[in-house]
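Student: I am new to this structure. Please take me through one part of it closely, and show me how it sits among the rest.

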Amino acid sequence: MILRNRLREIHLQKQLTQEALADLAGVTRQTIIAIEKEKFVPSVKLALEIAQALDVSLGDIFWLDDSGGKL
Amino acid sequence: MGISFGWTILEVNCDRNEALLHQPGNRLGWVGSHPGAHRAEWWLAALIGVIVLAFFLWAPSSGRYAVHPEHGVMALRRDERTQAINDKAARNGFVVTIGAIGGITLYFGSIVLTDVPVTVLSLVLALGILTYFVSDFWLRRA
């Protein structure tokens with residue numbers, strides 16, 4: 001299963017830049033980019049911090065895609 | 001009293017260095033109390049200061065550290081991705097170093113039958129450090 005996300009879509013909706021979101025979540029902009037590109041799987045703690053920063057629930061951003069591949 | 005005592009020690013050391021300077025073949029002679037030695041130390045301190053300042057100017061925009069102003073002087077911290085990259089690079093460097101040490105131990109212990117030269121061990125350490133930096137760079141490329 002692959003962890004998918006719609007982080008880019010949501011932070012653009014909220015009119016937040018990657019830099020601003022990174023500051024709110026306490027990580028680097030490169031980490032936000034890596035999560036958006038699904039090259040890095042965040043911890044539950046970081047995922048919750050991102051959801052809190054965007055004022056949405058965790059399930060609105062991340063979901064498991066079981067159509068193929070490994071997590 | 002304490003200050004004058006300190007100056008006395010300094011003078012003794014200077015005299016000792018001057019004495020060492022005149023001994024033939026003495027490799028420590030350049031540490032002596034001539035003005036050039038003190039000027040070199042001053043430039044070294046300035047250089048280290050510039051490097052440290054440059055690091056703190058570069059680090060916040062490097063993508064390697066997240067800035068947490070609430071932590072004061074410890075404001076630069078690795079986030080979980082950069083920490084994971086650092087851990088993987090360190091693991092790779094460690095594995096390569098241990099593998100190379102094992103390899104040269106077997107080679108020199110069972111084939112060449114001599115002691116392992118220090119230069120070879122230095123090369124192994126250099127290889128481990130190189131592996132760390134190459135891994136770090138490779139893992140960050142995304």
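Tutor: Chain A holds 5 helices and 2 strands. This is a predicted model. Read from the N terminus, the elements of chain A come in the order β-α-α-α-α-α-β. Chain A has 71 residues, and 20% of them are buried. Take its contacts with a separation of 6 or more: 58% of these join residues 24 or more positions apart.

Now to the helix itself. Helix α2 of chain A covers residues 18-25. Is A:Gln15 buried or exposed? A:Gln15 has 7 C-beta neighbours inside 10 Å, so it counts as exposed. Its backbone deserves a glance too. The phi of A:Gln15 is positive, near 55°, and this residue is not glycine. Most residues other than glycine have a negative phi.

Next, the partners of α2(A). Take α3(A) to begin with. The axes of α2(A) and α3(A) come within 8 Å and cross at roughly 105°. An angle from 65 to 115 degrees counts as roughly perpendicular, so α2(A) and α3(A) are roughly perpendicular to each other. Which residues meet here? From α2(A) come A:Gln18, A:Glu19, A:Leu21 and A:Ala22. From α3(A) come A:Arg29, A:Thr31, A:Ile32 and A:Ile33. By class, this contact of α2(A) with α3(A) has 4 nonpolar, 2 polar and 2 charged residues.

The other partner to look at is helix α4 of chain A, residues 44-54. The axes of α2(A) and α4(A) come within 9 Å, and they cross at roughly 120°. That angle makes α2(A) and α4(A) oblique to each other. The crossing of α2(A) past α4(A) is right-handed. On the α2(A) side, the contact is made by A:Leu21, A:Leu24 and A:Ala25. On the α4(A) side, it is made by A:Leu46, A:Glu49, A:Ile50 and A:Ala53. By class, the contact of α2(A) with α4(A) has 6 nonpolar, no polar and 1 charged residues. Note A:Leu21: this residue takes part in the contact with α4(A), and A:Leu21 also meets α3(A).

Why does A:Leu48 count as partly exposed? A:Leu48 has 15 C-beta neighbours inside 10 Å. A residue needs 20 or more to be buried, and 12 or fewer to be exposed, so A:Leu48 falls in between and is partly exposed. A:Leu48 can also be set against A:Ile61, 13 residues away in sequence. In space, their C-alpha atoms are 9.8 Å apart.

Past α4(A), look at A:Asp55. This residue is in the loop between α4 and α5 (58-61) of chain A. A:Asp55 counts as exposed because 9 C-beta neighbours lie inside 10 Å. The phi of A:Asp55 is near 60°, a positive value in a residue other than glycine.

Now go back to α3(A) and step across to the other chain. Chain B has 142 residues, and 7% of them count as buried. Chain B has 4 helices and 2 strands. From the N terminus on, they run α-α-β-β-α-α. In chain B, 41% of the contacts between residues at least 6 apart in sequence join residues at least 24 apart.

How many residues of chain B are in contact with chain A? There are 8 residues of chain B in contact with 12 residues of chain A. Helix α3(B) gives the most to the side of chain B that touches chain A, with 3 residues. By class, that side of chain B has 2 nonpolar, 3 polar and 3 charged residues.

Helix α3(B) spans residues 80-112, which is 33 residues. At 1.5 Å a residue, α3(B) should span 48 Å, and its end C-alpha atoms are 46 Å apart, which agrees. Buried in α3(B) are B:Arg81, B:Thr82, B:Ile85, B:Ala89 and B:Gly93. The buried residues of α3(B) pack against α3 (29-36) of chain A, together with α4 (118-140) of chain B. Just after α3(B), B:Leu113 has a positive phi of about 60°.

So keep this picture of α2(A): α3(A) is roughly perpendicular to α2(A), and α4(A) is oblique to α2(A).

Technical notes
Residues are numbered from 1 along each chain as its sequence is written. Chains are lettered from A and ligands numbered from 1 in the order in which they are written. This is a predicted model: local features need pLDDT of at least 70, side-chain atom pairs count only at pLDDT 80 or more; totals for chains, interfaces and linings use all residues. The expected span of a helix is 1.5 Å times one less than its number of residues. Two residues are in contact if their C-beta atoms, placed from the backbone, lie within 7 Å. Ala, Val, Leu, Ile, Met, Phe, Trp, Tyr, Cys and Pro count as nonpolar, Asp, Glu, Lys and Arg as charged, and the others, Gly among them, as polar. Axes are lines fitted to C-alpha atoms, for helices over the stretch in contact, and angles run from 0 to 180 degrees between N-to-C directions. Angles under 35 degrees count as roughly parallel, over 145 as roughly antiparallel, 65 to 115 as roughly perpendicular and the rest as oblique. A crossing is left-handed if the near helix is turned anticlockwise from the far one by less than a right angle, and right-handed if clockwise.
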